[in-house]
Amino acid sequence: MQTVKQHAVHGGTLRYLKHDSAVTGTPMTLSVFVPPGEGPFPVLIWLSGLTCTEDNFTTKAGAYQSAAEHGLIVVAPDTSPRGPGVADDPAYDLGQGAGFYVDATQAPWAPNFRMETYVTDELIALIDAEFPTTKTRSISGHSMGGHGALTLALNHPELFQSVSAFAPISSPTRCPWGEKALGAYLGDDRRAWSRHDAALRIEGGAAHGVYDDLLVDQGDADPFLTEQLKPDLLVEAARASGQKLTLRMQPGYDHSYFFMASFIADHVAFHARRLKG
């Protein structure tokens with residue numbers, strides 16, 4: 001991995017990195033914060049939302065003070081493959097910047113849009129090889145990235161100790177953003193979509209006995225709350241399967257990084273407790 005730039009922050013080191021991905025067939029970018037000390041350290045992977053790059057979380061979330069205090073490496077990858085030869089769409093909610101953390105099976109997306117494998121295979125292996133990790137990790141994210149965090153944790157429980165989300169797309173098979181993206185990337189057979197629907201996976205018991213709690217923060221002033229995010233479906237699914245879910249409805253908060261910056265320390269502490277036993 002090539003270091004593009006580097007900064008000292010809260011006693012640790014923040015690096016912006018670039019590498020050629022064998023999974024996506026494109027260059028991929030990310031940021032990695034390493035706390036002060038020699039390590040090894042557990043890892044928190046953050047997945048961002050629609051239109052974002054690795055820079056949104058890195059510059060706006062304010063996560064590194066609490067990550068330094070708890071001794072966590074924080075990894076924030078880009079949200080999709082990018083480049084002049086990569087398929088795209090004029091809309092903000094499909095194509096570059098909107099990978100939805102799935103492995104596309106349909107043209108023209110299939111050659112590059114393999115974000116599930118990128119995160120769960122290539123990215124994890126690179127981080128463990130290049131940084132002083134304990135080879136244990138948790139995952140979190142926002143909006144489309146909250147959907148990604150939940151579904152990757154539910155589909156790959158052997159990889160993660162815990163999972164949390166801010167304003168996740170809770171059930172992409174039942175909202176316009178998700179129906180558009182899953183239909184484009186995976187085709188018209190909705191049975192193939194269910195694996196990427198957190199509410200359906202939780203209802204089916206995928207988290208039961210695996211994660212002691214699922215932490216979700218949601219602002220009640222979020223303009224996407226009713227049509228796109230639907231956190232009530234997570235609550236219903238958790239109740240049906242007997243899974244503990246902590247959904248915190250935060251009064252007055254919207255969908256922005258101001259919301260995340262207000263509660264990110266709670267999420268870092270949540271993961272630190274589970275990563276350190």
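Figure 1. Strands are DSSP runs of E, at least two residues long, and helices are runs of H or I, at least four long, numbered from the N terminus. Strands pair if DSSP finds at least two bridges between them. This is a predicted model: local features need pLDDT of at least 70, side-chain atom pairs count only at pLDDT 80 or more, and totals for chains, interfaces and linings use all residues. Residues are numbered from 1 along each chain as its sequence is written, and side-chain values use heavy atoms, leaving out hydrogens and water.

**Figure 2. E1 beside E2.** E1 and strand E2 (residues 12–20) run antiparallel, joined by 7 bridges. His-7 stands opposite Leu-14 in E2.

**Figure 3. Helix H3 (residues 115–130) and its kink.** H3 bends by about 30 degrees, centred on Leu-123. The bend at a residue is the angle between axes fitted to the seven residues ending there and the seven starting there. Buried residues of H3 include Met-115, Tyr-118 and Leu-123; buried means under 20% relative accessible area, with exposed over 50% and partly exposed in between (1.4 Å probe, protein chains only). The buried residues pack against E2, E3, E4, E5, E6 and helix H4 (144–155).

**Figure 4. Tyr-185 and its neighbours.** Tyr-185 touches Trp-109 and Phe-113, among others, not counting residues up to four places away in sequence. Contact means heavy atoms within 4.5 Å.
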